[in-house]
Amino acid sequence: HARPRRGLPTPVALHRAAAGHVCAARRRVRPRRARPSDTMGEGTPAHSPQAEAHKDEGNRLFKEKAYLKAAAAYTKAIKLDPTNAVYFSNRSAAFLNLLKVQKALADAEEAIKLRPTWEKGYFRKAAVLEAQEKHEEALRAYKVAADINPNSSDVASKIRYLSKKLRTSSPPKPLKTEEEYKRAKDSLVMGNRVKNSKDRVLNFARDITSDSITAFVEQDGKLDPTVHFLPGRLDSEGKETQAQVKIEKAFDSPDTLESCLGFLRKYAEDMSTDAAVLVAPRSCIAFPQRWKPVGGGSGYSKKWTFKDATGFFIQLESREVRKIWFVVGGTEDRYHTPKEPQEIDIETFALLKPLYR
């Protein structure tokens, strides 16, 4: 049976149903990916041309999402000129995208030390603190950046988001029985429909994937199988309130999976949701093991290219689009920083049958 859990990386409000435990989560807004600074900013003296060449190479690699190589290029620039705050700021962005939060924070602090009147250093620090869910500290750092540069729309957007997040009320009391679930559903006040689109659904899947990769690293390669829902209506306060359902035993057998599927479909309809994203580690799936040959036998399906790699599946369900990805997170002996999600054939590897019909 499902049971509630805290959402990752943001806290969630929990309420349960007899067939599964449904969590009403606060709105998720995934922090924008860190970006490198292309210039040193006003008032900064000229620096080593060779160091600048390494910085430019790092920026190119960063844009290609080769964050580890980008960090190495910025490190070369720092060795040639350890007084340039931009190099530390850019390396902080690369480290944050690699989920090396302590190194990212150290570089942000060094950028601030070198250029205390440059808002980018405080922005980098705030981004790391936000990734660590230290929202009050992050908000303070963003406000320092805003004091230095009041015209930054990125900083203003972050301040509005975190200020609103910190004002959010505490989670409601869990509901434990089918009767309580029915009463809660009947009394649920829903607002206007949310304008939906394929892009909105895909962005939701990207946010959940990013959060899951962060959780995978922070929890030493451990994830719980969970379904995240995208709301189709605003709540009574005019907000988009996401939800989670933890499905711990769903993949134990065909019977448990079929029972879980029925509950998920009911929940998706009752709560007027527009999309669902399943996050399921490969290690928790006893059925269906889609990577095995059709009809049984040893070895792997010809379409399964990941062999014995550990990791997790991300399956997107909606009326507009269905997709599935696999995120490689290591081998049976050890885990590592997850690789970029690889899309695989939904017809071959789907773990759940369609939720929206």
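Author: Start with the overall count. The secondary structure of the chain comes to eleven helices and eight strands. This is a predicted model.

Reader: How much of the chain counts as buried?

Author: The figure is 48% of the 357 residues. Buried here means under 20% relative accessible area.

Reader: What share of the contacts with a separation of 6 or more comes from residues 24 or more positions apart?

Author: Such residues account for 63% of those contacts in the chain.

Reader: Why is the packing of helix 1 with helix 2 called roughly antiparallel?

Author: Helix 1 covers residues 49-63 and helix 2 covers residues 67-80. They pack at an angle of about 165°, with their axes 8 Å apart. Angles over 145 degrees count as roughly antiparallel. Therefore helix 1 is roughly antiparallel to helix 2. The crossing of the two helices is left-handed.

Reader: Which residues of helix 1 and helix 2 meet?

Author: From helix 1, the list includes Gln-50, His-54, Leu-61 and Phe-62. From helix 2, it includes Tyr-67, Ala-70, Tyr-74 and Leu-80. The residues of this contact divide into nine nonpolar, four polar and four charged.

Reader: What makes Lys-65 worth a look in the loop between helix 1 and helix 2?

Author: Its backbone. Lys-65 has a positive phi of about 65°, although it is not a glycine. Lys-65 sits in the loop between helix 1 and helix 2.

Reader: Where does Leu-99 lie?

Author: Leu-99 is in the loop between helix 3 (85-97) and helix 4 (101-114). Leu-99 is not a glycine either, and has a positive phi of about 65°.

Reader: Why is Leu-99 called partly exposed?

Author: Its relative accessibility is 22%. Buried needs under 20%, and exposed needs over 50%. The value falls in between, so Leu-99 counts as partly exposed.

Reader: Is Leu-139 buried or exposed?

Author: Leu-139 has a relative accessible area of 10%. The cut-off for buried is under 20%. Therefore Leu-139 is buried. Leu-139 lies in helix 6, residues 135-148.

Reader: Which residues is Leu-139 in contact with, beyond its neighbours within four places in sequence?

Author: Ile-159, Leu-162, Ser-163 and Leu-166. Take Leu-162: Leu-139 and Leu-162 are 23 residues apart in sequence. In space they are 6.3 Å apart, C-alpha to C-alpha.

Reader: Which members of the largest nonpolar core touch the most other members?

Author: Phe-229, Ile-247, Phe-251, Leu-264 and Phe-313, out of 35 residues. Several elements each supply at least two residues of this core, among them strand 3 (226-231), strand 5 (273-281) and helix 10 (254-270). Helix 10 gives the most, with seven residues. Apart from this core lies another, of 30 residues, among them Leu-61, Ile-112, Tyr-142 and Val-155.

Reader: What does Phe-251 touch, not counting residues up to four places away in sequence?

Author: The list includes Leu-257, Leu-278, Ile-285, Phe-287, Pro-288 and Leu-352.

Reader: How do you know that the peptide bond joining Phe-287 and Pro-288 is cis?

Author: From omega, which is about 0° for that bond. Pro-288 lies in the loop between strand 5 and strand 6 (310-318). Both Phe-287 and Pro-288 are among the residues that Phe-251 touches.

Definitions and conventions. Residues are numbered from 1 along each chain as its sequence is written. This is a predicted model: local features need pLDDT of at least 70, side-chain atom pairs count only at pLDDT 80 or more; totals for chains, interfaces and linings use all residues. Side-chain values use heavy atoms; hydrogens and water are left out. A nonpolar core is a set of buried Ala, Val, Leu, Ile, Met, Phe, Trp, Tyr and Cys residues joined through side-chain atoms within 4.5 Å. Buried means under 20% relative accessible area, exposed over 50%, partly exposed in between (1.4 Å probe, protein chains only). Helices (H or I, at least four residues) and strands (E, at least two) are DSSP runs, numbered from the N terminus. Contact means heavy atoms within 4.5 Å. Axes are lines fitted to C-alpha atoms, for helices over the stretch in contact, and angles run from 0 to 180 degrees between N-to-C directions. Angles under 35 degrees count as roughly parallel, over 145 as roughly antiparallel, 65 to 115 as roughly perpendicular and the rest as oblique. A crossing is left-handed if the near helix is turned anticlockwise from the far one by less than a right angle, and right-handed if clockwise. Ala, Val, Leu, Ile, Met, Phe, Trp, Tyr, Cys and Pro count as nonpolar, Asp, Glu, Lys and Arg as charged, and the others, Gly among them, as polar.
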